[in-house]
Amino acid sequence: MGKCTDKLGNRLRELRARHGFTQATLAEAVGVTRKTINTVENQIFTPSTILALKLAEALEVPVEEAFYLIKP
Amino acid sequence: MDELDQLVKRRAQILTLAAAGFAAWQASFLAADMSETGTDAFLAASIGTSLGALVFAGAMVAFQMFGRKVSKLKVCDVIDDELTRQNRYKAFAYGWIFTLAVVSIGFGAETIWQGTAFISQRIALIVAVSVPMVSFGRMELKNMEQA
């Protein structure tokens, strides 16, 4: 059976590299652990709206530039 | 690996150790209940009970020290971020499912073999306490490995 729900894609890795952030420094900037940043980047964990907004703010981009929907 | 990573790893290790200690303590206690006093099996089970209880107590002390360290470093919110909370909810859900399975099997077993309820009750206790701790620890360590 195929997947029925939309997935949240992101450009965190690319944006993070552009800003010279490591996973650890970005995690520190938004107040989470590094494993959270990593699992978001790898689309294992879907962040809350609050965390998504914090990440976009830290990366100085609109949230829709950092995150996008992947249709099933 | 930075200090936060080490704290996350330490918490997972302590919980896994606590779960192992608790399971050993209670399983040995059950074995002691089922064996005749004075036999080698009873002696082995009694030693297992004591060792398991010691490991569990040690893990609880380590967890207290861990909590103090986290408070001192003022990283309570960071170390308890939303992925951690999600892992915790999942761990409790796994514990609930496994406990329900053990209780269901226990009911079935009791209808066939009378007087086995205390065994399934003890196993349900072990599962209810150990499964959430082990699964939380595993999820946290897995998230770290993926990093």
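In this predicted model, chain A has 72 residues and a radius of gyration of 12 Å. A compact globule with 72 residues would have a radius of gyration near 11 Å, so the value for chain A agrees with that expectation. Along the principal axes, the C-alpha atoms of chain A fill a box of roughly 40 × 25 × 20 Å.

Chain A contains five helices and two strands. Their order along the sequence is β-α-α-α-α-α-β.

Two of the helices in chain A pack against each other. Packed helices are described by the angle between their axes and the distance between those axes. Helix α2 of chain A spans residues 23-30, and helix α3 of chain A spans residues 34-41. Their axes come within 8 Å and cross at roughly 110°. Angles of 65 to 115 degrees count as roughly perpendicular, and α2(A) and α3(A) are therefore roughly perpendicular to each other. From α2(A), the contact draws on A:Gln23, A:Ala24, A:Leu26, A:Ala27 and A:Val30. From α3(A), A:Arg34, A:Ile37, A:Asn38 and A:Glu41 take part. By class, five of the contact residues are nonpolar, two are polar and two are charged.

Chain B holds helix α1, which covers residues 3-34. This helix has 32 residues. From its first C-alpha to its last, α1(B) reaches 46 Å. That is close to the 46 Å expected at 1.5 Å a residue. B:Asp2 caps the N-terminal end of α1(B). A side-chain oxygen of B:Asp2 lies 3.3 Å from the backbone nitrogen of B:Leu4.

Methods. Residues numbered from 1 in each chain as written. Chains lettered and ligands numbered in written order. Predicted model: local features only at pLDDT ≥ 70, side-chain atom pairs only at ≥ 80, totals over all residues. Heavy atoms only, no water. Helix = DSSP H or I, 4+ residues; strand = E, 2+ residues; numbered from the N terminus. Expected span 1.5 Å × (residues − 1). Polar contact = N/O pair within 3.5 Å; in protein donor to acceptor, adjacent residues only side chain to side chain. Axes fitted to C-alpha atoms, helices over the stretch in contact; angles between N-to-C directions. Parallel < 35°, antiparallel > 145°, perpendicular 65-115°, else oblique. Contact = heavy atoms within 4.5 Å. Nonpolar A, V, L, I, M, F, W, Y, C, P; charged D, E, K, R; others polar. Rg over C-alpha atoms; globule rule 2.2 N^0.38 Å.
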